[in-house]
Amino acid sequence: MVLPKHYQDIKQQTEVSGFTMASDLKTGTLLRTLAASKPKGAFLEIGTGTGLSTAWILDGMDAASRLISIDHDPAFLSIARQFLASDNRLTLELADGKSWLLNRYQQRATKQTMFDFIFADSWHGKYFLLEEALALLNPHGLYIIDDMLPQPNWPEGHDKKVSGLLNKLEENPFLAITVLDWSTGIVIATKK
């Protein structure tokens, strides 16, 4: 398997940092493949972490695409910056997910605030402010989440949050969704 540029360096620094919430290889390859389906796309990653999934998304994007990736943790974001900030397609933002999403949601009247691809890999945009995140998705855009299958680091009662989220997505009349019992549990949705 061909790994993204800097993947091994980021992975090594991720292990040193103690960050345990990084997306796995299968999720990464899927993100790369889905990113490749959106030429000249506007991409959003909510939850950069250390940048492992960011590297996969960038690896699938074409030269005309742009990715905004946000995270609230400066220590983890610094790892992503160290290895990925030189890519001119990428904007890394140190931001609280709630504030960032609410601000973007309020500005959504312009095309520049909408996205063709959203990878929601944090609580905001997934368990909180789901409707606001989906409102930022262009028609035919992809909304992707992972960790829908039981994980060892889930807090007690998290399974109820997951089933509630899946129900909301399945009941949304504006989405076509697929729930994959694969990798860590993936959901891919597209706006009709």
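Which residue stands opposite Thr 190 in β7? In this predicted model, the residue opposite Thr 190 is Ala 176.

**View 1. The hairpin of β6 and β7.** Strand β6, residues 175-180, pairs with β7 in the antiparallel sense over 6 bridges. The two strands form a hairpin with 5 residues between them. Within the turn, Ser 183 has a positive phi of about 55 degrees.

**View 2. Strand β7 and its pairing with β5.** Of the 6 residues of β7, 5 are buried, so this strand is largely enclosed by the rest of the structure. β7 also pairs with β5, in the antiparallel sense and over 4 bridges. Ile 145 stands opposite Val 187 in β7.

**View 3. The open sheet.** Its 7 strands follow the order β3-β2-β1-β4-β5-β7-β6, with mixed pairing. β3 (90-94) and β6 stand at the edges with a single partner strand each, so one side of each is left without a neighbour in the sheet. On average, neighbouring strands are turned by 15 degrees against each other, direction ignored. β1 and β4 run parallel and are joined by 4 bridges; the bridge partner of Leu 44 in β4 is Ile 118.

**View 4. Helix α2 on the sheet.** Helix α2 comprises residues 25-36 and reaches 17 Å from its first C-alpha to its last, close to the 16 Å expected. The helix lies across β1, β4, β5 and β7, running at about 170 degrees to β4. Its buried residues include Leu 30, Leu 31 and Leu 34. The cover over the buried residues of α2 includes α3 (52-60) as well as β1, β4, β5 and β7.

**View 5. Helix α4 on the sheet.** Helix α4, residues 74-84, lies across β2 (66-71) and β3, at about 160 degrees to β3.

Key:
Residues numbered from 1 in each chain as written. Predicted model: local features only at pLDDT ≥ 70, side-chain atom pairs only at ≥ 80, totals over all residues. Heavy atoms only, no water. Expected span 1.5 Å × (residues − 1). Buried < 20%, exposed > 50% of the residue type's maximum accessible area, 1.4 Å probe, protein only. Contact = heavy atoms within 4.5 Å. Pairing = 2+ DSSP bridges. Axes fitted to C-alpha atoms, helices over the stretch in contact; angles between N-to-C directions.
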